[in-house]
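Here's a walk through one protein fold, part by part. Have the viewer open and follow along.

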Amino acid sequence: MNDNTILFLEGLCAGYGSGDVISDISFSLGRGESLCIVGQSGCGKSTLLKAVLGIFDLPKITGGDIVFDSQRLSELPPKRRAELVSSGMGLIFQTPGAAFNPIRSYKKQFIETLKSHGKYDKNTFLPSVRDVFARLGLEEHERILASCPYEMSGGMNQRIALALVMLMQQELLLADEPTSALDAATQRTVADELISMRTDGLSQLIVTHDLALAAYIADRIAVMHRGKIVELAPARELLDAPLHSYTKALLKTAPRLGGELPAAAENSEAYSGLLTELSPGHFVLMEVQHGQYTER
């Protein structure tokens, strides 16, 4: 572990009740890096995020440790750990409505959250919200702030939840299927903003079953199977030349429009239409040649 590491997991084991759901999870996450955890439903992806966040009663950590921002969380008193995690980590839930009280306005909830973290400024609040909403394609910021979550679609709630994380200016984003509730066009908007946030220095640990999304936004991809990480590599390396049999099987289940998958960081323009061409929640790998999709 070095000074550029924001998160370090060492032999992490956690579960619910008598058995572990995840076991021997070890990896590091650099500052400004995006790591996507992919795998089928039930493999332990969401449990891993909850264990890292550590503010829920479950899962229970049964082994290993978590180091966040150079501090070993197991060595901190519960109150100090909660303070460190809440100030430094943001969470985007798979179910968008889980982020908000459905019958209270967004404005009240935004202000309360920012105040609780010492990040509310009455003079800059509305301009900051307007700027963040604009980046996410959200128009009429005052109307949205005056609305309640029950009045909005799941996709709108997901984008508004991401806006709150952006306003909080935290160091690490934990995201559980951040685009699964969105239509294809909005998936692209959110994915592009995730890339922009990483460029601004926000580290990201994202779990998803969507390999196209992982290929688009991740620096590295980890493949999870039956509670363990079976392969972890730079995104292009893993997709072009997978080593583990499960990774190979997972890639074979993905419908393909084309073959070679260029790395987003190297050729982001080549992906200009990738997410708008997809149905939400589907694995699709494609290649782009001279701006045109080619199908095999």
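This is a predicted model: local features need pLDDT of at least 70, side-chain atom pairs count only at pLDDT 80 or more; totals for chains, interfaces and linings use all residues.

## A helix over the sheet

As background, strands of a sheet pair through backbone hydrogen bonds, either parallel or antiparallel.

Now for strand 1. It is mostly covered, with 9 of its 12 residues buried. It runs antiparallel to strand 2, joined by 8 bridges, and F8 has S28 in strand 2 as its bridge partner. These two strands make a hairpin with 2 residues between them, and G17 in the turn has a positive phi of about 85°. Strand 1 is also joined to strand 4 by 7 bridges, again antiparallel; here E10 is partnered with D65 in strand 4. Strand 4 (residues 60-68) in turn pairs with strand 5 over 2 bridges, in the antiparallel sense, with V67 opposite R72 in strand 5.

## Helix 4 and its buried side

In helix 4 (residues 125-135), the buried residues are F125, V129, V132 and F133. They cover an arc of only 100° around the axis, which puts them on the same side of helix 4. The general rule behind that kind of pattern: an α-helix has 3.6 residues a turn, so residues three or four places apart point the same way. Helix 3 (106-116), helix 5 (141-146) and helix 6 (154-168) are among the elements covering these buried residues. Just after helix 4, G137 has a positive phi of about 75°.

## Aromatic rings

Searching the whole structure turns up 4 aromatic pairs. One of them, F100 with F110, is stacked, at 6.4 Å centre to centre and 20° between the planes. F100 is in the loop between strand 6 (89-92) and helix 3, while F110 is in helix 3, so the pair ties together parts 10 residues apart in sequence. Both F100 and F110 are buried, and together with Y106 and F133 they form one aromatic cluster.

## Helix 7 and a buried threonine

Does the length of helix 7 (residues 184-199) agree or disagree with what its residue count predicts? At 1.5 Å a residue, its 16 residues should span 22 Å, and the end C-alpha atoms are 23 Å apart, which agrees. Its buried residues include A184, Q187, V190, L194 and M197. The buried residues of helix 7 pack against strand 3 (34-38), helix 4, helix 6, strand 7 (172-176), strand 8 (203-208) and helix 8 (211-217). Just after helix 7, G201 has a positive phi of about 110°.

T179 is found in the loop between strand 7 and helix 7. At 5% relative accessibility it counts as buried, because buried means under 20%. Leaving aside neighbours within four places in sequence, T179 is in contact with Q187, V190 and L213.

Conventions:
Residues are numbered from 1 along each chain as its sequence is written. Side-chain values use heavy atoms; hydrogens and water are left out. Buried means under 20% relative accessible area, exposed over 50%, partly exposed in between (1.4 Å probe, protein chains only). Helices (H or I, at least four residues) and strands (E, at least two) are DSSP runs, numbered from the N terminus. The arc is that of the directions from the helix axis to the C-beta atoms. Contact means heavy atoms within 4.5 Å. The expected span of a helix is 1.5 Å times one less than its number of residues. Two strands pair if DSSP finds at least two bridges between them. Rings of Phe, Tyr and Trp (its six-membered ring) pair if their centres lie within 6.5 Å; planes under 30 degrees apart count as stacked, over 60 as edge-to-face and the rest as tilted.
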